[in-house]
Amino acid sequence: MNKMEIIGISIISCIIFMALLSFGIGSIIDFPKSKQYSPPSIQNPLGTDDLGDDILELLIIGSRTSLLVGFLGALFSTIIGTIIGALSGFFRGVLDDVLGVIIDVFLVIPALPLMIVLAAYLSPSFWNIVIVIGLLWWPTTARLVRARAWQLKSAPFIESLLALGASKTYIVFKHVLPNVLGIASARFILSVSHAILIEAGLSFIGLGDPTNPSWGTMLHFAMTRGALLYGAWWTFIPPGLAISITSLAFIILGMGLEQRQKLSTRSMEDII
Amino acid sequence: MKLKNEPSREDVELTAINVSKIYGNKTLALDRVNFSIKKGERVCIVGESGSGKTTLAKILCGMIPPTSGEIRFLNKRIDEMSEMERRIFRIKVQYIPQLPDLALDPTWYLYDSLVEPLRIHKLIASKQEERDLVREICEMIGIRMEVLMRKPGNVSGGELQRVVIARAILLMPYILIADEPTSMLDPSLQAKIIKILLDIQSKYNMGMIFITHDLELAKYVSNRIFIMFKGKFVESGLTNEVLINPHHSYTKSLILNNTS
Amino acid sequence: MKSFKKSSFFLKILRYGFTIFIIISINFILPRMMPGDPLVFLFGEEVYGAAIRNPQLLQSLSEKYGLDKSLSEQFLIYIGNIINGDFGQSFSFGRSVAEIIAERIPLTLMLTIPSTILSLFIGTLLGLSLGFNSNSHLKRSVSSFLIALHSIPSYWFAMLLLLVFSLWLNLTPTGGAPPKDANIISILHHIALPFSLLTILNIAYISIIIRGLTMEIAEEPFVMTARSKGLSWIKLRIRHLLLPSLAPFLSLAAMELGFAFSGALLVEIAFSWPGIGYTMWQAVVERDYPLLQGAFTAVSLIVVLANAIADVLSYIFDPRIRMGENE
């Protein structure tokens, strides 16, 4: 493990711990309600919001949704992107042409506005946000995986397997997928970071799941219910900081993984 | 290791008749080439990069189809073979690629890559038999067994090239096509690898095609030589005769460049 | 070779046409695909409620959008309406969507275009200098900082700026656009925060991309040779970096405009800057679907157009052709 991976994983572990803690609220830990917009105190370490709810409590509850939506949205988008990319890269011809055009078209259409429109039509719920991210955040992954699969297609070991008479299905599953897995997993980690930011953005706009408040939801209320104009900075600094740190942790981890990939191919070049 | 319907070993011949290859954007890579090799022969195809020698090699082992002309193996056109005959062709004509880079799947252990062709064609009855065969071949080629427990990224170029050779030899081919097998290695390793290939050739009485741009190497390894220039054979014959008494101006310039 | 280039160029342009077609199709399909009566999405709850009680109104509305016809006919009517500039009625504003969008696009452009130009300029210089000798400590920490900026939500950043500059220091207004008859001072006063924030984010985005490109090119043999020959930094950067990367640079600029637009959406919302992004937000709050779709179409068209222009420009200025002539 390199330094970046260690930093990333430590921060992410803390956030996961926080998310697990949310299940204990009400039984193991309890946060007292207080009056509207109380600043941080011993009783409410991060103060309270307009309803007198404890910010730390909301922060812990929000970590669950933010993390889960980020994780699941990234998972779906990576799976879709990897499959489309691998198929399009490995099977040339009509299939590649069609998938290639689809990838290009969705790379040009600005993703966030389209997500806003789609989320506005679907009723705001946890799974609908996951679906919106999964359906619309795959094109970059697909493009990267496709480029890799394209490269593999003319790799000597694939050519020799074809000459040996190995079937294409065998090659795709035994050789192409393992070889794009490195890129796909690095992309997945980066996508978690993006998905957390997207979820926060959608919730900030007011498209979040009202029954599963996230960090973005907290920012939404701070904006729309006047906490900002009241100057209650403790209501919106913690969730924004949480989003930034978590998203950054995944970026750092992703870059660490990517570096490892580069190193392995680099040492490959050094041999020859 | 014997295959069902394995042909008697003496009449093996791989032939290219009037083979041309045109790539998509109308570049003529091969222009009506005739070529043949029998078991036990050592043949060199010499040419500069881009002369079409790798294209010919890939067509000879069935990796890419020719645009026109035919490839015959055991007196049968390879595009008209039955499944059974085609399987024998795929096993008995083997190609060693030019670059050790990506010659084997970087995510696989070398052992698995090595025995993969055997497994694809279900040539081995038991794990024990497989291991014995691998041990025998590796000893002959000089591969330490612990190397096979690594992935391609963690071994040297020389070791990788040996595994690639072993992978082809495991199938006991009649015809082995080695495409610049040493061009990416340093000189001391080159000599070792060439010696291994020659030893194997004589031990199993294979037909071996060396593809190279190096006339010195050609002189050392081959009985017959083909000089390729811009997709055509400009000269061919016994190696000694061609190199001592070249007719074509291109051959002469090659010899001049090589000695200088 | 040249004819091949040309045909791939036209294919690209054709692809943009196809992209627009897809955008329009998405807009057409969404209200009709969702569960419930598409009339709700087209006219809003209120009108829909009234229409259900008034069969005649329902009839006339259905006819106008051809909802009683087959889907393919509806699609043709829909495209016809769009070509005539009819994006429907916004039911929260009670005005035509096209009118509202036309009013608000200039405010978004006022924010994004100067910001894009400025950040392309600064971001490129910053990226170039970060990409050369990228291993120095200072440069690596600057790069890390710029990458870290990517994970900060823009609207939250905006809230922090408002807190500091508007609430605590009382230097800027708490949001909104300048009044119609505002003088230049007032305009600058209002635009300062959103403009600065957008520009900072854009610079972070561009400089990281340019840095990556530079690091790739800096490792190429010809740059190494040029450096060993003692070519001055400035000359080296211009001759070997800027010229050959003019075409990718232009497409970067176009992509960047797309990014700036998407980014501007959320920044606008936080600053209540009534451009397209703020309009989308208002539409979401009111569930005003025609307005939402109109805003989405406008943003997408601008982004597609920017990409297409960049492709045309990089085709005209393609340095590979020009360099081929020089040699």
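Visitor: Which residue in S2(B) does B:Leu14 stand opposite?
Guide: This is a predicted model, in which local features need pLDDT of at least 70, side-chain atom pairs count only at pLDDT 80 or more, and totals for chains, interfaces and linings use all residues. Residues are numbered from 1 along each chain as its sequence is written, chains are lettered from A and ligands numbered from 1 in the order written, and side-chain values use heavy atoms, without hydrogens and water. Strands here are DSSP runs of E with at least two residues, numbered from the N terminus. Across in S2(B), the residue facing B:Leu14 is B:Ile37.

Visitor: How many bridges join strand S1 of chain B to S2(B)?
Guide: Two strands pair if DSSP finds at least two bridges between them. S1 of chain B covers residues 13–23 and runs antiparallel to S2(B). The number of bridges joining them is eight.

Visitor: What is the order of the four strands in the open sheet of chain B?
Guide: The pairing is antiparallel. The order is S2-S1-S4-S5.

Visitor: Why is one side of strand S2 and of strand S5 in chain B left without a neighbour in the sheet?
Guide: S2 spans 27–38 and S5 spans 76–77.

Visitor: Where in chain C is confidence lowest?
Guide: Confidence is given as pLDDT, the predictor's score for each residue from 0 to 100. Chain C averages 78, and 80% of its residues score at least 70. Helices are DSSP runs of H or I with at least four residues. Helix H12 (residues 276–286) is highest at 90, while the lowest, at a mean of 42, is helix H14 (residues 319–326).

Visitor: How many contacts beyond four places in sequence does the model have for residues 321–327 of chain C?
Guide: A contact means heavy atoms within 4.5 Å. Over this stretch pLDDT stays under 50. Where pLDDT is low, the predicted coordinates should not be read in detail. The contact count for residues 321–327 of chain C is two.

Visitor: How many helices does chain A have?
Guide: Chain A has zero strands. Read along the sequence, its pattern is α-α-α-α-α-α-α-α-α-α-α. The helix count is 11.

Visitor: What percentage of the residues in chain A are buried?
Guide: Buried means under 20% relative accessible area, with a 1.4 Å probe and protein chains only. Chain A has 272 residues. The buried share is 56%.

Terms used: Buried means under 20% relative accessible area, exposed over 50%, partly exposed in between (1.4 Å probe, protein chains only).
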